[in-house]
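Please read it alongside the sequence and coordinates shown below.

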Amino acid sequence: MAQQILLKNSDVPGLASFEVYRKLGGYASIEKTLKNFTPDQVTDEVKKSGLKGRGGAGFPAGMKWSFLDKSTSNPRYFICNFDESEPGTFKDRHIGQLNPHQLIEGMILGSYALGARTSYIYIRGELFYVLRIIEKAIAEAYANGFLGKNILGSGYDLDLYCHPGAGAYICGEETALIESLEGKRGNPRIKPPFPAIVGLYDCPTVVNNVETIANLPWIMNNGAEAYAAIGVGNSKGTKLISACGHINKPGIYEIELGLPVEEFIYSDEYCGGIRNGNKLKAVVAGGSSVPILPAELILKTAKGEPRLMSYESLAEGGFETGTMLGSGGFIVMDETTCIVKNLLTFSRFYHHESCGQCSPCREGTGWMERILHRIENGHGTMKDIDLLVSISKHIEGNTICPLGDAAAWPVASAIRHFRQEFEDHVKLQKCPLSK
Amino acid sequence: MSLVKVTIDQIEVEVEAGTTILNAARIIGGGVVPPAMCYYSKLEGSGGKCRTCLVKVAQGSAKDPRPMPKLVPSCRTLVQDGMVVQNITSPEVMEARKAITEFLLINHPLDCPVCDQAGECHLQDLSYDHGLADTQTVEDRRTFAPIDIGDKIKLHMNRCILCYRCVMVADQLTDQRVHGVLGRGDHCEISTHILKAVDNDFSGNMIDVCPVGALTDKTFRFKSRVWFTKPFDAHRECTKCSGKVVLWKKGDEILRVTGRKNKYGELEEFICNDCRFEHKEPNDWQIEGPRKIERHSVIGQNHYEKL
Amino acid sequence: MQNSKNIEFNTETLELVNRIISRYPEGRQKSAILPVLHIAQSENSGWLSSETMDYVACLLQIQPIEVYEVASFYSMFNLQPVGNCMIEVCQTGPCWLNGAEDILAHFEKRLGIKPGETTADGQFSLKTVECLAACGNAPVIQVGTEYHEKMTTGKADELLEKWQSENKCSHTNPYL
């Protein structure tokens, strides 16, 4: 059994209550940290731990914190990005629903390290029932002296609030999230300046993902070295993988980074193999945005080495033959799956979620969806396939925020690895796999 | 004031620190100036959206010579000392610009023959320079019904490229914005939501800042193609604005009044609605002389200065 | 489905709204717009009329256009009247892989309406939505703040019967 940092007590009844969480050792890291660590020492610990942002980009968390502008007297803000919306990803909901206090404990640690006196948890509006659970937990934390004025007599004050979104994937992009929190449309900002300099209300701000933050208590309790000892290479610690699609045991698994992909898919401890004894066709390993890989390339790299669940191994081979760990949304497709139709649903998603601010994404995402719709329904031409590749190339890298890339990569990779299937749609003038 | 050196398409120029690449290119002038469909120097926060001004930064600065990993919007990227920029000398930039032009056109109605903006439309210029001869789309275009926003301004949303300039005009020149960008993605539209007149002293400037024919002057609607009118600099005493305008005349008749635009199509000064809409009599104005049209516009074809 | 011309929150709701506004720094009350719109929508039969949005603008001391801009951006806000119980069916990749199309088709057949429509009696509306982030239990639907996961057509029938008999209302104050 792998080390469990985030799911350890998931099965304990009543874990969402302060009483149960506290009995299991919860909030110990606050007592320890406020007494023995300066804020900068906390940042150093997080840096040393090697913890990377778990929202998808994988940027080292401690380094992100160290960019925070401390030269001004303006307030600083720490924000939790709970706008979980990347298709295939459902891990943060699990933490918020079952283990809200671990998130709150992490929020206190992060806020303390950054010198934030007011912090927000931005949670997607669809998850209002989780927001209610977290708000209840926050109230308990206030009642027990872990939030509010002079926490545990340390002189440190912190207010923590939940803020609901209202249906916009783009608000998972940190500057769109900040705009949204300011009460505006979720239009990403043009960077620079980065939020660490000009963020919420023009103040220095750090935005971290739920899972990233929920790791902080363990790191402060057990030390950076212990955390860095888990994992492989530069992929430190554990990672929540949301596994879904055509597997026998969909769900959330906490793995030590470095687990072989083959073991993850086929062992009974994890996904338990492909449903109905079917054959594996393809995997989207890190949420819908990352390149899709066919079975042979997800199990083994192009060099023939076993592919591991780690930032480096999944990226091995670049976009030609590799992919990304992303948010850990692991979507498995068996041999019955039409790659074109699956891609169409992704493209519809990005078209629906484009904010509309910059022209390549606003116009290009819809254009790709319309072409895919045509191909899937038997009205496509061979030229359309090349046109799709060309549109995706012209969106990629040319947009204000990464949503453009996220919309382009699935299209480019599906055609790169499954071109034959697109051509079959065109030749047959219908979907070869539709019922 | 500290000066920094930047090289754009092999031309070196010294500019004040804090200048954007686009404005540095405008100091050089000529062919190295990237097109700008959304940036507007007089509107704070404008730019970055249309992506037509993307350029390649081949060297970040003298201190850190690494190239920037992606093309950057020149209107929002500040020059650094020793920066090397490629605009028209970069095939990558030219390809991207061609693609952006296509993106801007796939839902555009291409109704130039009936559009009052034709002849002074930046999207026309852009398409002329970077557009494809043929369309690669077969699907229907997105359509909206034209609406009146007030009795002086017509909104053809079909033609809009969502540059946000008109929203910024309302935010920055008027005390109460009633129109804005509604919807999301390619359903975005400029609207007042519940039909409301955009009505204040400076709202007419929305027409002048619009790079396309989305916002047009109803008092000029279908009166003439712009290239059949002759522009004159003129002024009058005005308590609300400088009163310095351009009159667009056909014979003795003043068909239209606009602000004075520089060679990048930007107003030199914003003018009030009183000057723009309410003074169409020749004796309302002191004529200064023919207006020079510096852009490579069809208006310049009239050669009326010689008359 | 009626349009409440003069929407006004009661004292209790106003207290909640003021508590929410107080979470943001002085002068940043616009930040409360999403939570307040959620509440306003629940009090206006599940949709945001112009009057409702104007009321929110007034509460937050901002221009009405600022509310329209925001309300029209976020997909959870309905700018047209909806039925008493809105059924939102996820259709993105992972749900599609697990039969979301069958679930949607079943609701369409049972209710006799297409996505975006409301039944003649005003009880049900159907809406397709994008990823609800519950892909491990696909296919998933949402009704109000409830998630219903691992949907089957049988489960859809059971739920429909239940909702029909209890006149299920999906737009209740999400904070309560």
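Helix α18 (residues 382-395) of chain A and helix α19 (residues 403-428) of chain A pack at an angle of about 165°, and their axes are 8 Å apart. Here axes are lines fitted to C-alpha atoms, for helices over the stretch in contact, and angles run from 0 to 180 degrees between N-to-C directions. α18(A) and α19(A) are therefore roughly antiparallel to each other, a term for angles over 145 degrees. The crossing of α18(A) and α19(A) is left-handed, meaning that the near helix is turned anticlockwise from the far one by less than a right angle. On the α18(A) side the contact is made by A:M382, A:I385, A:L388, A:V389, A:S392 and A:I395. The residues on the α19(A) side include A:G404, A:A407, A:V411, A:I415, A:R419 and A:F422. Two residues are in contact if their C-beta atoms, placed from the backbone, lie within 7 Å. By class, the residues of this contact are twelve nonpolar, two polar and two charged. Ala, Val, Leu, Ile, Met, Phe, Trp, Tyr, Cys and Pro count as nonpolar, Asp, Glu, Lys and Arg as charged, and the others, Gly among them, as polar.

The model is predicted: local features need pLDDT of at least 70, side-chain atom pairs count only at pLDDT 80 or more, and totals for chains, interfaces and linings use all residues. Residues are numbered from 1 along each chain as its sequence is written, while chains are lettered from A and ligands numbered from 1 in the order in which they are written. Helices (H or I, at least four residues) and strands (E, at least two) are DSSP runs, numbered from the N terminus.

The domain bounds below come from an automatic or database domain assignment.

| Chain | Domains (residues) |
|---|---|
| A | domain 1 (18-228), domain 2 (232-334), domain 3 (339-428) |
| B | domain 1 (3-97), domain 2 (224-307) |
| C | domain 1 (11-71), domain 2 (85-165) |

In chain A, 27 Å separate the C-alpha centres of domain 1 and domain 2. Their contact takes 19 residues from domain 1 of chain A and 21 residues from domain 2 of chain A. On the domain 1 side, α5 (91-98) and α11 (224-228) of chain A each supply at least two residues. That side of domain 1 of chain A divides into five nonpolar, nine polar and five charged residues. In chain B, the C-alpha centres of domain 1 and domain 2 lie 32 Å apart; in chain C, those of domain 1 and domain 2 lie 29 Å apart.

Between chains, 35 residues of chain C are in contact with 43 residues of chain A. α2 (33-43), α4 (64-71) and α5 (93-97) of chain C give two or more residues each to the side of chain C that touches chain A. The most come from α2(C), with five residues. This side of chain C holds 21 nonpolar, nine polar and five charged residues.

Chain B also has paired strands; two strands pair if DSSP finds at least two bridges between them. Strand β1 (residues 3-8) and strand β2 (residues 11-16) of chain B pair in the antiparallel sense over six bridges. B:V4 has B:V15 of β2(B) as its bridge partner. β1(B) and β2(B) form a hairpin with two residues between them, and B:D9 in the turn has a positive phi of about 45°. An open sheet of three strands in chain B has the order β6-β7-β10, with antiparallel pairing. Its edge strands are β6 (147-148) and β10 (215-217) of chain B, each pairing on one side only. Strand β7 (residues 153-155) of chain B pairs with β10(B) over three bridges, and B:I153 has B:D217 as its bridge partner.

Methods. Angles under 35 degrees count as roughly parallel, over 145 as roughly antiparallel, 65 to 115 as roughly perpendicular and the rest as oblique.
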